[in-house]
Amino acid sequence: MSRIPFRYHVVAFGQDLSLFVVWSVVPVWAKVDLGASPLALGALPVFSGATYLLASLAMGRLSDRVSRTGLARAGLALYAVFCLMAAEARSVSWIYAVAPLSGLANALVWPALQALVGDESGPDDLERNL
């Protein structure tokens, strides 16, 4: 039975936790400070999610060709850029404009992280490790 490094769990948990916190705070902040409508609030995560879905297809293939840890690091750095840009938003349209960065960042992190887990797992424990 092969065990994957604990840091993979830390990265996955940290990324999911930051996604939860940011996408819980941003809509509240957009409503309170920017006066966003319910429709605008509901559509906010769509821009990030659609970008993630489309970019994941390409990034999964890319993670087979370049450094997986490099991709994950680039994704985490891009996510930090998204957070900083979203925090400086002065309008809901600005948040719409930067939301795809969140999806792209996650598309860099998750395929690379899952491929790393696949590399370091044996055939009997791949499913459990993923």
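**Helix packing in a predicted all-helix model**

Leaving out residues up to four places away in sequence, Ser56 touches Ala107 and Pro111, where a contact means heavy atoms within 4.5 Å. Ser56 sits in helix α2. Is Ser56 buried or exposed? With a relative accessible area of 17%, Ser56 counts as buried, because buried means under 20% relative accessible area, with exposed set at over 50% and partly exposed in between (1.4 Å probe, protein chains only).

Numbering runs from 1 along each chain as its sequence is written, and side-chain values use heavy atoms, with hydrogens and water left out.

Zooming out, the protein has 5 helices and 0 strands, in the order α-α-α-α-α from the N terminus. Helices (H or I, at least four residues) and strands (E, at least two) are DSSP runs, numbered from the N terminus. Taken along the principal axes, the C-alpha atoms fill a box of roughly 55 × 25 × 20 Å. Of the 130 residues, 38% are buried. Take the contacts between residues at least 6 apart in sequence: 77% of them join residues at least 24 apart.

Now for the inside. The largest nonpolar core holds 18 residues, and Trp23, Val26, Leu44, Tyr79, Phe82 and Ile95 touch the most other members. Each of α1 (6-34), α2 (38-62), α3 (68-87) and α4 (92-120) supplies at least two residues of this core, and the largest share, 6 residues, comes from α4. Such a core is a set of buried Ala, Val, Leu, Ile, Met, Phe, Trp, Tyr and Cys residues joined through side-chain atoms within 4.5 Å. Neighbours within four places in sequence aside, Trp23 is in contact with Leu44, Pro45, Ser48, Tyr79, Phe82, Ala99 and Ser102.

Phe13, Leu17, Phe20, Val21 and Val25 make a nonpolar surface patch of about 510 Å². Patch residues have over 30% relative accessible area and no salt bridge, and nonpolar side chains (Val, Leu, Ile, Met, Phe, Trp, Tyr) are joined within 5 Å. A salt bridge puts a side-chain nitrogen of Lys or Arg within 4 Å of a carboxyl oxygen of Asp or Glu. Leu17, in helix α1, is partly exposed at 41% relative accessible area.

Technical notes. Predicted model: local features only at pLDDT ≥ 70, side-chain atom pairs only at ≥ 80, totals over all residues. Patch = residues over 30% accessible without salt bridge, like charges linked within 9 Å, V, L, I, M, F, W, Y side chains within 5 Å. Areas by Shrake-Rupley, 256 points an atom, 1.4 Å probe, with all protein chains shown as cover.
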